[in-house]
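Here are some notes to go with the structure, written as numbered points. Have it open on your screen while you read, and find each residue as it comes up.

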Amino acid sequence: MSSNNRFSRLVYTLQHRKAFRQVEKELFGRVTLRGYLHDLDKVFPYPIQGKKCTYELHQKHARHYLARAHTRADFEEMAVDWECTKFTEAG
């Protein structure tokens, strides 16, 4: 993956994190600790590891994916993630 493409993924992730906090505040009236930490594990590896490896590690460990979600907070984070994606996905 080119350094330009890695940078664009980093920028996308930062925009997604901002949208996540905005949607969370709109839905729940506040930003939680999970909101501040959401997808932070992707920010630092992207420039080094690239998209595929970073995403695979994220999906394996992040609790806001259906296969790993168990608590109400996990499912709330999942719902906010889905909702904010429409603000950051290209399309």
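1. Let's start with a charged pair. The side chains of Asp74 and Arg63 meet in a salt bridge, with N and O 2.8 Å apart; the term stands for a side-chain nitrogen of Lys or Arg within 4 Å of a carboxyl oxygen of Asp or Glu. This pair links distant parts of the chain, since Asp74 sits in helix α5 and Arg63 in the loop between α4 and α5, 11 residues apart. Helices here are DSSP runs (H or I, at least four residues), numbered from the N terminus.

2. Before going on, a word on the model. It is a predicted one: local features need pLDDT of at least 70, side-chain atom pairs count only at pLDDT 80 or more, and totals for chains, interfaces and linings use all residues. Residues are numbered from 1 along each chain as its sequence is written, and side-chain values use heavy atoms, with hydrogens and water left out.

3. Are the two partners buried or exposed, or something in between? Asp74 is buried, at a relative accessible area of 0%, whereas Arg63 is partly exposed at 34%. The cut-offs are under 20% relative accessible area for buried, over 50% for exposed, and partly exposed in between (1.4 Å probe, protein chains only).

4. Now look at Glu77, which forms a salt bridge with Arg34; their closest N and O atoms are 2.7 Å apart. Again the pair links distant parts of the chain: Glu77 is in helix α5 and Arg34 in helix α2 (residues 33-37), 43 residues apart. Glu77 counts as buried at 9% relative accessibility, while Arg34, at 28%, is partly exposed.

5. Glu83 is partly exposed at 33% relative accessibility, and Lys86 is exposed at 57%. Elsewhere, salt bridges that share partners join Arg34, Arg63, Asp74 and Glu77 into one network. The count comes to seven salt bridges.

6. What does Asp81 contact, leaving aside its neighbours within four places in sequence? His16, Phe20, His38 and His64 are in contact with Asp81, meaning heavy atoms within 4.5 Å.

7. Check the backbone at Asp39 too. This residue has a positive phi of about 60° although it is not a glycine. Most residues other than glycine have a negative phi. Asp39 is found in the loop between α2 and α3 (40-43), and is buried at a relative accessible area of 4%.

Methods. Helix = DSSP H or I, 4+ residues; strand = E, 2+ residues; numbered from the N terminus.
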